[in-house]
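The points can be read in order beside the model.

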Amino acid sequence: MNLLDNIEEILLMGPGPSCVSDAVYSALSKKTLGHLDPHFVRIMDETKVKLQQVFKTKNSLTFPISGTGSAGMESCFVNLVEKGDPVLILINGVFGMRMQDVASRLGAEVDSLEFEWGTPVDIDKVKDKISQKQYKIVAVVHAETSTGVCNPVEDLGELFKPTKTIYLVDAVTSLGGINVAVDEWGVDACYSGTQKCLSCPPGLSPLTFSDKAVSALKNRKSKVPNWYLDLSMIINYWEGSTRTYHHTAPINMIYGLYEALNLILEEGLDKAFKRHMDNHRLLVTGLDEIGLKMLVDKPYRLPMLNSILVPDGLDEARVRQELLTKYKIEIGAGLGPLAGKIFRIGLMGHTARPENVNRLLQALKEVI
Ligand code: PLP
């Protein structure tokens, strides 16, 4: 038996991956070219330009890292951190904690500011912290997928624009679903993932570095301690008139990303953001009618990741299991301190459509 013959079509409404459109599937199955083939190099170049448009940046160091969102996170820290560097991580969920772990492993002097899960980062506390100590890097997650909170990335950026601090932002879940304006917000290092609002399968991590971040990389005293993710080497493959092999690019994944970016740019970023917000509102209204409440207060809610409180006495694992087996819909569970306490419903990219929201609401009514 070939296990690929009986893969069911599951409506992916969890925290990612999201549904993939037929156009992206068909791009993924195009013929594989060599990684230095001139036609493939053109596809790489255009993918970079499209990523610049989606990140809203002119940064020339903008391209997809081979690896999932965590590889993008690791790339940012491994290229920017040297032993003993003071780093501040703002934490209000799993992915802020992951950043803390990654930075600590590199020997950074890591401080963290923690905020209750389900609430956003408090800018006044950040102001206070940075007035006491100068940090080389301050890092925050824009869309905290573990809780459904949107952090005030734009306002935080104002604090670092006039300073030497490198402002590092995780846009894994936000990119393509809500506004991410790298240049305008003064973001210096930013990474995303393909499997959320870009609606491509997992496997690539779009990344962008500002001039400030590039000059920190160029002025390192020590070698980047990771060969695979060393941007100063990878860039010779992604930039310039002659391309030098570093590692074999995941060719077909780049076709998929190229097509996914085409789709989002054809739709228009503002329209895509509105579609996410409209479907989020439709979902919240429907959930309210069933008596289900949101974890996060309205002003801080993400449209693409909805955390719903599990009512007392309801077996949340049974609900998710029945949705998957009977209705072919996947939703997510809570993580860490929120395990068993919330459901996580994703409305990311191609998933964010009214027919999907209505199908889930109907199924939830029946299962609950
Ligand atoms: N950052 C955020 C906000 C995420 O949601 C995720 C994955 O869900 C990651 C980082 C890690 O990405 P990946 O699982 O693709 O490695």
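1. A residue is near a molecule or strand if its C-beta atom, placed from the backbone, lies within 6 Å of it. The ligand is surrounded by 14 residues, and the closest are Thr68, Gly69, Ser70, Thr145 and Val172. Helices (H or I, at least four residues) and strands (E, at least two) are DSSP runs, numbered from the N terminus. Helix 3 gives the largest share of the shell around the ligand, with 3 residues.

2. The shell around the ligand has 6 nonpolar, 7 polar and 1 charged residues. Here Ala, Val, Leu, Ile, Met, Phe, Trp, Tyr, Cys and Pro count as nonpolar, Asp, Glu, Lys and Arg as charged, and the others, Gly among them, as polar.

3. A caution on the source: this is a predicted model, in which local features need pLDDT of at least 70, side-chain atom pairs count only at pLDDT 80 or more, and totals for chains, interfaces and linings use all residues. Residues are numbered from 1 along each chain as its sequence is written.

4. Two strands pair if DSSP finds at least two bridges between them. An open sheet of 7 strands shows mixed pairing in the order 2-10-9-8-5-3-4. Its edge strands, strand 2 (61–66) and strand 4 (109–114), each pair on one side only. On average, neighbouring strands of this sheet are turned by 20° against each other, direction ignored. Axes are lines fitted to C-alpha atoms, for helices over the stretch in contact, and angles run from 0 to 180 degrees between N-to-C directions.

5. Within that sheet, strand 9 (residues 189–191) and strand 10 (residues 204–209) are paired in the antiparallel sense over 3 bridges. Ala189 has Phe209 of strand 10 as its bridge partner. Helix 3 (residues 69–80) lies across strand 2, strand 5 (137–141), strand 8 (166–170), strand 9 and strand 10, and runs at about 160° to strand 9. Two residues are in contact if their C-beta atoms, placed from the backbone, lie within 7 Å.

6. Helix 3 also meets helix 4 (residues 94–105): their axes come within 10 Å and cross at roughly 40°. Helix 3 is therefore oblique to helix 4. Angles under 35 degrees count as roughly parallel, over 145 as roughly antiparallel, 65 to 115 as roughly perpendicular and the rest as oblique. Met73, Glu74 and Phe77 of helix 3 meet Arg98, Met99, Val102 and Ala103 of helix 4. This contact has 5 nonpolar, no polar and 2 charged residues.

7. The axes of helix 10 (residues 269–290) and helix 12 (residues 354–367) come within 10 Å and cross at roughly 15°, so helix 10 is roughly parallel to helix 12. Helix 10 contributes Asn279, Leu282, Leu283, Gly286 and Ile290 to the contact, and helix 12 contributes Pro354, Val357, Leu361, Leu364 and Lys365. By class these are 7 nonpolar, 2 polar and 1 charged residues.

8. A separate entry is an open sheet of 3 strands, with antiparallel pairing and the order 11-14-13. Strand 11 (305–309) and strand 13 (332–333) are at the edges with a single partner strand each, so one side of each has no neighbour in the sheet. Strand 13 pairs with strand 14 (residues 342–346) in the antiparallel sense over 2 bridges. Opposite Ala333 stands Phe343 in strand 14.
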